[in-house]
Amino acid sequence: MGVGGLALAVLLAGLLGGGVVAGTQAVLDDGSISTSSAGGIEINNPDSATVVTAAAAKASPSVVTLAVSEGGQGGSGSGIILDEEGHVLTNTHVVTLGGAAPDPDIQARMSDGSVSNATLVGTDPLSDLAVIQLEDIEGIQPAELGSSGDLNVGDQTIAIGAPLGLAGTVTDGIVSTLNRTISVASSAVEDEGADAPEAPEEGSEEDGFEFYFPDMEGSPTQGSIHLNVIQTDAAINRGNSGGALVDDEGRVIGVNVAIASSGGGAESDAGSIGVGFAVPIDYAQRVAQELIDTGEVSHGLLGVTVAAAGSQEVPDETDTGLAPVMPGFTVGALIDDVPGNTPAAEAGLATGDIITAVNDRRIEDSLALTATIREYAAGETVTISYTRDGQQEETEVTLGAT
């Protein structure tokens, strides 16, 4: 969104041999590495092992390989063990085969090679996250979760998974940026109403990201989801979906979900170009806990229709009655409509206001607003910063439910 952006196709990084780095190594309190004979990451010389080696050795036993099938369809991906009860966090598109399998058969292979059946606890298509539960929990090792809210750009990242079916793959990089907003066409959600960005005029071109479900050529779509993600240059390819993005201490900071590709569509065989995405663990942990507790997830609703607010004025002759395609850089989310009896209306927001921040998180366009609001649970109160008639204002909004 904005002038000069490279038009990229963003592919959900799953359903093609997703997997796990297996192993039972552990990082001791003094930073040394212990190994076992159960297989996994091969450490020939522990004395010269790197930070990446240690982090991957610690995190890999908590990542499982998933095999999903229903009828004549099948796919695979990865998951992250959350607790001693055997709850595993993964992607919705992995356990539903891109929305095509509402009642899948699921198996999980542990790092020691053992296999367990799993049942679906719940899915949340708006975050592309899901939770399953293992039937056999003997010897499982829950992951240590970090905090994505403590991350800095430039921090070490390690992606664990089985890109292109190559199990036992570890890649490393850095946090390229935080709160990158991306969109994905999804057959698991219906067309959106309030808080959804205005669609551009038919035939117009937008710079930005598009998502496709790998190996789901021709799959119908109903709507789109919008996510604020961690962007990393750690190589993430098809097959990494649901796997762990960890920090230099082996703590999970994100759930690998997507890659960017210049290939231009789902049918391309493009691989990593150094732009990968993960759902932040702070958001993923809330979603997972609600799925475990109730089987459902709440998402905040502001109750407005929004478009991107541009840095340049729109000429009068371009007014078509539709949401304008703003020239220049985007500088916020322009409120196009505020229906009555909505949280936004009760907080005093009005048509023409430009929302620039939510709880001090900068909002650059309408997609970022939608993604940010939905990270909060229904009933939470947030502070909205906005511009009205050139003046900066603030208001508190208690969010409704989508």
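Visitor: Which residue takes a positive phi in the hairpin of β22 and β23?

Guide: This is a predicted model. The hairpin leaves two residues between its strands. The one with a positive phi, near 55°, is Asp 389.

Visitor: How many bridges join β22 to β23?

Guide: β22 covers residues 381-388, and β23 covers residues 391-398. They run antiparallel. Thr 381 has Thr 398 as its bridge partner in β23. The number of bridges joining the two strands is eight.

Visitor: What is the bridge partner of Ile 354 in β22?

Guide: β22 also pairs with β20, residues 354-358. That pairing is antiparallel, over four bridges. In β22, the partner of Ile 354 is Thr 387.

Visitor: Is Asp 172 buried, partly exposed or exposed?

Guide: Asp 172 sits in strand β11, residues 169-186. Its relative accessible area is 42%. Buried needs under 20% and exposed needs over 50%. Asp 172 falls in between, so it is partly exposed.

Visitor: Which residue joins its side chain to that of Asp 172 in a polar contact?

Guide: Leaving out residues up to four places away in sequence, Asp 172 touches Val 52, Gln 156, Thr 157, Ile 158 and Ala 234. The side-chain polar contact spans 3.3 Å. The partner is Gln 156.

Visitor: What is the mean pLDDT of the chain?

Guide: In the chain, 70% of residues reach 70 or more. Over residues 199-220 the pLDDT is below 50, though this stretch has 60 contacts beyond near neighbours in sequence. Residues 317-326 are also below 50, with ten such contacts. The chain mean is 78.

Methods:
Residues are numbered from 1 along each chain as its sequence is written. This is a predicted model: local features need pLDDT of at least 70, side-chain atom pairs count only at pLDDT 80 or more; totals for chains, interfaces and linings use all residues. Side-chain values use heavy atoms; hydrogens and water are left out. pLDDT is the predictor's confidence in each residue, from 0 to 100. Contact means heavy atoms within 4.5 Å. Two strands pair if DSSP finds at least two bridges between them. Buried means under 20% relative accessible area, exposed over 50%, partly exposed in between (1.4 Å probe, protein chains only). A polar contact is a pair of N or O atoms within 3.5 Å; within protein, one must be able to donate a hydrogen and the other to accept it, and residues adjacent in sequence count only if both atoms are side-chain atoms.
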